[in-house]
Amino acid sequence: MSEFWNSITSVQPEPSLRLVIGTGVAALLLIAWRPLWQYTRQVVTIAHEGAHGLIAALVGRKLAGIRLHSDTSGVTVSRGKPTGAGMIAVLLAGYPGPALFGLAAAFVLSRGYAVALLWGLLLALVILLLQIRNLFGLWSVLVFGALVFGVSWWGSAEVQTAFAHLLTWFLLLAAPRAVIELQHSRRRGQGRSSDADQLRRLTGVPALLWVGVFGLLTLGCLLVGVMWSGVLPS
């Protein structure tokens with residue numbers, strides 16, 4: 001047990017620039033290649049709905065459950081006042097959520113705690129699992145959690161570090177694409193119940209401006225994450 005705890009609390013050696021760049025390129029492939037993206041995007045949905053749920057709990061709403069669907073959409077249901085700052089915060093959290101999680105992960109990695117990051121992610125997935133209310137969502141979180149656990153428990157230090165960087169890059173790079181897809185969907189006349197459109201109905205601010213806010217937040221997180229990675233000078 002002490003060895004396990006030491007592995008979590010110990011600072012790992014600084015990764016090589018080749019590893020940091022290589023995992024970034026691999027993450028970009030997982031996002032840019034459509035045959036892979038239709039599966040890997042589910043990780044973005046998990047983070048998106050998790051962000052909704054986290055903020056709902058923080059603002060005092062009662063979380064009623066989360067559903068993840070095979071088309072990579074998702075729904076987070078919470079009970080409380082249907083208008084006001086709390087509901088706005090919940091809706092605002094979704095699209096920037098994966099980027100903000102990625103930024104937090106980049107900060108942890110910049111301090112050398114790759115193993116702690118993986119076990120922290122596993123704990124977050126266990127908490128999320130308690131809120132899942134459909135079979136596909138249960139399956140999605142279990143598969144992702146099993147992958148994270150496998151690397152955390154059996155992976156070498158080098159594999160754990162590489163996997164932690166891959167996940168971090170993936171969240172940072174995938175978040176802007178999800179925002180682009182949102183706007184494409186809106187232009188085709190779909191997605192009228194999207195977070196941006198719900199924010200428009202609550203605030204009177206045009207949905208396109210909310211999409212712009214999502215885009216700026218995700219790109220800002222990506223820029224800071226790149227700087228923390230050591231690829232660019234801070």
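Mentor: Helices here are DSSP runs of H or I at least four residues long, and strands are runs of E at least two long. The model is predicted. By that assignment, residues 113-130 are 89% helix and 0% strand, and their end C-alpha atoms lie 26 Å apart.

Trainee: Which record lists residues 113-130, and for what feature?

Mentor: An unreviewed UniProt entry lists them under "transmembrane region", together with residues 15-33, 88-107, 137-156, 162-180 and 207-228. Such annotations may be inferred rather than shown by experiment. In the model, the span 15-33 is 84% helix and 0% strand, with 26 Å between its end C-alpha atoms.

Trainee: Why are α6 and α7 called roughly antiparallel?

Mentor: The axes of α6 (residues 114-129) and α7 (residues 135-154) cross at roughly 160° and come within 10 Å. Angles over 145 degrees count as roughly antiparallel, so α6 and α7 get that label. Their crossing is left-handed.

Trainee: What makes up the contact of α6 with α7, by class?

Mentor: There are 15 nonpolar residues, 2 polar and no charged ones. From α6 the contact includes Leu-118, Trp-119 and Leu-122, and from α7 it includes Phe-144, Gly-145 and Ser-152. Gly counts as polar under this scheme.

Trainee: How do you know the relative direction of α8 and α10?

Mentor: Helix α8 (residues 157-187) packs on α10 (residues 207-229) at about 165°, with the axes 9 Å apart. The cut-off is again 145 degrees, and angles over it count as roughly antiparallel; α8 is therefore roughly antiparallel to α10. The crossing is left-handed. Among the residues in contact are Trp-169, Leu-172 and Arg-186 of α8, and Phe-214, Gly-215 and Ser-229 of α10. By class, the contact has 15 nonpolar, 5 polar and 1 charged.

Trainee: Where does α5 meet α8, and at what angle do they cross?

Mentor: The axes of α5 (residues 96-110) and α8 come within 8 Å and cross at roughly 145°. The crossing of α5 and α8 is left-handed. On α5 the contact includes Pro-98, Phe-101 and Leu-109; on α8 it includes His-165, Thr-168 and Leu-172. The classes are 11 nonpolar, 3 polar and no charged residues.

Trainee: What makes β1 and β2 count as paired strands?

Mentor: Pairing requires at least two bridges found by DSSP. β1 (residues 62-68) and β2 (residues 74-79) have 6 in the antiparallel sense, so β1 and β2 count as paired.

Definitions and conventions: Residues numbered from 1 in each chain as written. Predicted model: local features only at pLDDT ≥ 70, side-chain atom pairs only at ≥ 80, totals over all residues. Heavy atoms only, no water. Axes fitted to C-alpha atoms, helices over the stretch in contact; angles between N-to-C directions. Parallel < 35°, antiparallel > 145°, perpendicular 65-115°, else oblique. Left-handed = near helix turned anticlockwise from the far one by under 90°. Contact = heavy atoms within 4.5 Å.
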